[in-house]
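Subject: A structure for you to look at

Hello,

Here is the structure I promised to pass on. Please open it first, and then read my notes alongside it.

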Amino acid sequence: MNGRFVLVLSSVSIGVLFFFLVLLFPDQCASFGSKQMELRIKQGNNTLSTPNRKLLHDVGTMVKEPNRIRGEKCSKADIVVNQGATSPLPSGIPTYTVEIVNVCVTGCDISGIHLNCGWFSSARLINPKTFRRLHYNDCLVNDGKALINGGTISFQYANTFLYPLSVSRVVCS
C-alpha cells in the first residue's frame, strides 16, 4: 500500500510539473517534436539544402543592398551564417546545426568562403569537404568551391559550447 501511494504521488507530481511547464513556456512546447522540411540538392560530394523558410523580407519592405565597392559584384555580407542548438549526442554532448547561405542579390556564385572560427573542434565527425579548420580562426567552407546563388550548405558539430562563426573572406566567382 505504501509503495502504491508513493508511485501515485510521484506520477501526479510529474503531471502537475509538466502542466506548469506548459503554462510557463507555451512557445517552446508548441514546437516540441516538429521537424523542418527542406529540399536537399546534391552538388558533387556536398549536400546543399534549401529549408522551407522565408529568406526575404515582408512585402513592402526594401531589401538593403550591402555596401559594395564600385564594380564589386559580391561581398562577404552576401554569405549568412546561422546556427542553433539541436538534440545532444547520446553521451550528452550538445550539438549545433550550422547553415551557410549564399544570399547574393546580384545572382553571384561565391567560392573561397573562409570563416572566423577560433579553435573550432567537434566530437562529431564533419566531412572535411564541407567544413574544416585550416588554422586557428580560419575555417574553409565547401572545400573552397563555389556555393551557388541561393544555395545552402549545412553540417552539425558537437561540443560543450557554441562556436561563434563569422565570415572573414570570400572570392566572387
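Of the 173 residues in the protein chain, 28% count as buried (buried means under 20% relative accessible area, exposed over 50% and partly exposed in between, with a 1.4 Å probe and protein chains only). Before going further, please note that this is a predicted model, where local features need pLDDT of at least 70, side-chain atom pairs count only at pLDDT 80 or more, and totals for chains, interfaces and linings use all residues. Residues are numbered from 1 along each chain as its sequence is written, and side-chain values use heavy atoms, with hydrogens and water left out.

First, some words on confidence. The mean pLDDT (the predictor's confidence in each residue, from 0 to 100) of the protein chain is 76, and 58% of the residues reach 70 or more. Over residues 29-65 the pLDDT stays under 50, and the model has 53 contacts beyond four places in sequence for that stretch (contact means heavy atoms within 4.5 Å). Where pLDDT is low, the predicted coordinates should not be read in detail.

Now the overall layout. The protein chain has 2 helices and 9 strands, in the sequence pattern α-α-β-β-β-β-β-β-β-β-β. These are DSSP runs numbered from the N terminus: helices are H or I with at least four residues, strands are E with at least two. Among contacts with a separation of 6 or more, 65% join residues 24 or more positions apart. The chain exposes about 11,600 Å², and carbon and sulfur atoms supply 62% of that area (Shrake-Rupley method with a 1.4 Å probe; for residues, only the protein chains shown count as cover).

Rings of Phe, Tyr and Trp (its six-membered ring) pair if their centres lie within 6.5 Å; planes under 30 degrees apart count as stacked, over 60 as edge-to-face and the rest as tilted. By this rule there are 8 aromatic pairs. Phe120 sits in the loop between strand 5 (110-116) and strand 6 (131-135), while Phe131 is in strand 6. Both Phe120 and Phe131 are buried. The rings of Phe131 and Phe155 are stacked, because their centres are 4.4 Å apart and their planes at 20 degrees. With Phe131 in strand 6 and Phe155 in strand 8, this pair ties together parts that are 24 residues apart in sequence.

What surrounds Phe155, beyond its neighbours within four places in sequence? Phe155 contacts Tyr96, Thr97, Val98, Ile100, Phe120, Ile126, Thr130 and Phe131. Phe155 counts as buried because its relative accessibility is 7%.

Best wishes
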